[in-house]
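Dear colleague,

Please find below the structure that I am handing over to you. My findings follow directly after it.

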Amino acid sequence: MLRPITLVPALALGLALGLPARAADVPIGHLADQSGATSDVGVPYAQGVADALAWINRKGGVGGQKLAVETVDYGYQVPRAVAQYKKWTSGRDRVAAIQGWGTADTEALSAFVAKDEIPYISGSYAAQVSDPTGSSGKAKAAPYNFFYGPTYSDALRAMLIWAAEDWKSKGKAGKPKYVHMGGNHPYPNSPKEAGEAMAKELGFEVLPAIVFALAPGDYTAQCLTAKNAGANYAYLGNTGGSNISLLKSCKAVGADIQFMGNVWGMDENAAKAAGEAANGVVFPVRTATVTGGSAPGLKTIAEISKESDPAGTAYRPVHYLAGVCAALYMSEAIGWAKDNGGISGPNVRKGFYQKKNWVPAGLEGVCVPSTWSETDHRGMMVVNIYRAKVSGATDGALADLIRAGTVKLEPVKTVELPRKPDWLGW
């Protein structure tokens, strides 16, 4: 005797009407830091990812298939990230791709995603996960790791090129002094050796690195060390939260240093929180700014933003835009896979290699053209350097401060780096 077939109501109705059944949803994992040490920038980035994926679903999904997204706050803790990854890959609904976050967890999961063939698009831009074959000899093979933006190392190289020109333009004598500042952690340390090597090549005197924690605190001692050593240029390897504290401490002790933040080390929120202590900090920006003119893609950003802000009044910082870009690159790679053999990890990976100078549809002028290949996952060799400008009190709402020009992000220089083989993975 045959058992009766039980249909879920929507499917039963579709069959009764002779309609084709909707394709199964595509499981997507999303690891976010919404409460941990890097949540100051993790929250806007994760919101950009979440809003973009919700917007895709509202428009019908990828080729008619919705994305079943599970967002998990792992608090910037590697064991929690690994445990969640195992959950996503052990059941029947194994994820097709993952939107990830931090450097330590990205590096910890790199071998897992390679073995399981799951594309992993991280918020970490560590050069150590940019070599898909391991041929550089500087990093382990990371064939399923992707990220949107220049590597931390390449961004620092570009800022040092700018710094060398800045020193000369000011007519200063002698060698400029450079110091790396940040936590003793895989993320701030990722570009340390590459940056110090580049600084020496450009004629800087390289000072001993100065450690300060990823958490906010009193960093008077670190600032006095940098000041007394005569540092002229300092790289800030931490996120905005702790950098704010350091900038305020350094302003208080009168340290005359040109600070260069990493991509997560400064944004509009950090400039507001640090006030005039942030004035003049340069850092790499890998998207347009929301106030960056009439880029066509900003209209799409405004649409996507309404997924979590229906009134359309929230100011979206550059990290939100980067999250949107990362999510839409992934969705287009999934779309290519669907049309070319089906959605599987290896096919989604191939989807990342199909276009050169690729910008997701609708985000022209927002996302920087990117190119990934089977031998090189450095998607972006163009580094856009911006300067934070802060004038006056910053105790108002960020959107009001931006409109008034009290807080601004001003373009300084665009550096197009050569795709050197010996920089791959380093």
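Predicted model: local features only at pLDDT ≥ 70, side-chain atom pairs only at ≥ 80, totals over all residues.

Five strands make up an open sheet with parallel pairing, in the order β2-β1-β3-β4-β5. Because β2 (67-73) and β5 (145-147) stand at the edges with a single partner strand each, one side of each has no neighbour in the sheet. On average, neighbouring strands are turned by 25° against each other, direction ignored. Strand β4 (residues 120-122) pairs with β5 in the parallel sense over 3 bridges; there, F147 of β5 is the bridge partner of S122.

Helices on the sheet. Helix α4 (residues 103-116) packs on the sheet and touches β1, β4 and β5. The direction of α4 makes about 170° with that of β4. Helix α2 (residues 39-58) lies across β1 (26-32), β2, β3 (97-99) and β4, and runs at about 165° to β1.

The cores. The largest nonpolar core holds 69 residues, of which Y148, W264 and F352 touch the most other members. Helix α12 (residues 318-339) gives the most to this core, namely 13 residues. Both domain 1 (26-151 + 293-353) and domain 2 (152-288 + 382-423) contribute at least three residues each to this core. Apart from this core lies another, of 39 residues, including A226, A231, C250 and F259.

As for W264, its contacts beyond four places in sequence include V41, Y45, W101, Y152, R286 and H319.

With kind regards

Terms used. Residues numbered from 1 in each chain as written. Heavy atoms only, no water. Pairing = 2+ DSSP bridges. Helix = DSSP H or I, 4+ residues; strand = E, 2+ residues; numbered from the N terminus. Axes fitted to C-alpha atoms, helices over the stretch in contact; angles between N-to-C directions. Contact = heavy atoms within 4.5 Å. Core = buried A, V, L, I, M, F, W, Y, C linked by side-chain atoms within 4.5 Å. Buried < 20%, exposed > 50% of the residue type's maximum accessible area, 1.4 Å probe, protein only. Domains from an automatic or database assignment.
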